[in-house]
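Thanks for coming. I will go through one model today, starting at the metal site and then moving to the core.

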Amino acid sequence: MARILAIHAHPDDVEMLAAGTMIKLIERGHHVTIATMTPGDCGSAEFDAERIADIRRGEAAQAARSIGADYLCVEFRDMAVFNDDASRRQVTEVLRRVRPELVVTSSPIDYHCDHEAASVLVRDACFAASAPNYATGDPHPAEALPAIPHLYFMDAVEGMDRDGRPQRPDFFVDVADVFDRKRAMLACHESQRNWLRKQHNIEDFLGIMEKWSRERGRAAGVELAEGFRRYPGHPYPQTPLLENLLGLTLR
Ligand SMILES: [Zn+2]
């Protein structure tokens, strides 16, 4: 059994971009923790920050529970995820507690500042987590990891960079057979319906997720898919762990 951490900026990002893959990993007997950097405290025009954060933590936990995953929130705040010293130590402590062999995080290039900051924070925390002299400052610090975990990036939202150029994944995961469960997971984030309509001009957030999954599916030659890239940097492990855990034949 492998331990997997899917860590992104906000509640609903993992559901949009990687939930089908997480469901498949759990079906194969692996353990998945879903983490968000923030509780989505700015994702509402109806509720104040504290109230919407409570609602969204609850929705994210319910979504994770529905597939047998754990959920945790790092408790940074929206638009305030930064790649700084204190935040890197905090994310490193999360990695040491969850103890994943495989980490899947946000794309380093994406539409939202929190997505990009989360990506670089997680990348560097993966390196720091196995350095025993790197102190997180936690009063009850977890032990350093035995090795740098395997690191993968999810797609950027819409599969595009900020200039609208398509980002090509390294490989695709066919999620057609678990798509109903992916959709049900995202549907747990009911509080986002009004917010996405107001701020993102998205009328139907379940429909837009399906549209993106179909576009990835078209590129993969299947009905519905999710795309991923393996972080190729020195000295991160380069064996194709995610692909192997899924039993993928690479295209
Ligand atoms: Zn987000």
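Along the chain, the donors of the zinc ion follow the spacing H-x2-D-x101-H; donors here are N, O and S atoms within 2.8 Å of the metal (3.2 Å for Na, K and Ca), and since water is not among the atoms, sites may look incomplete. Helices are DSSP runs of H or I, at least four residues, numbered from the N terminus.

This is a predicted model, where local features need pLDDT of at least 70 and side-chain atom pairs count only at pLDDT 80 or more, while totals for chains, interfaces and linings use all residues. Residues are numbered from 1 along each chain as its sequence is written, and side-chain values use heavy atoms, with hydrogens and water left out.

The protein donors are His10 (ND1), Asp13 (OD), Asp13 (OD) and His115 (NE2), 2.0 to 2.5 Å from the zinc ion. Asp13 and His115 are both buried, that is, under 20% relative accessible area (1.4 Å probe, protein chains only).

Now the core. The largest nonpolar core has 47 residues, and Met22 and Ile34 have the most contacts inside it. Such a core is a set of buried Ala, Val, Leu, Ile, Met, Phe, Trp, Tyr and Cys residues joined through side-chain atoms within 4.5 Å. Helix α8 (residues 205–220) gives the most to this core, with five residues. A second, separate core of 26 residues includes Met37, Val122, Ala129 and Tyr236.

Technical notes: Buried means under 20% relative accessible area, exposed over 50%, partly exposed in between (1.4 Å probe, protein chains only). Helices (H or I, at least four residues) and strands (E, at least two) are DSSP runs, numbered from the N terminus.
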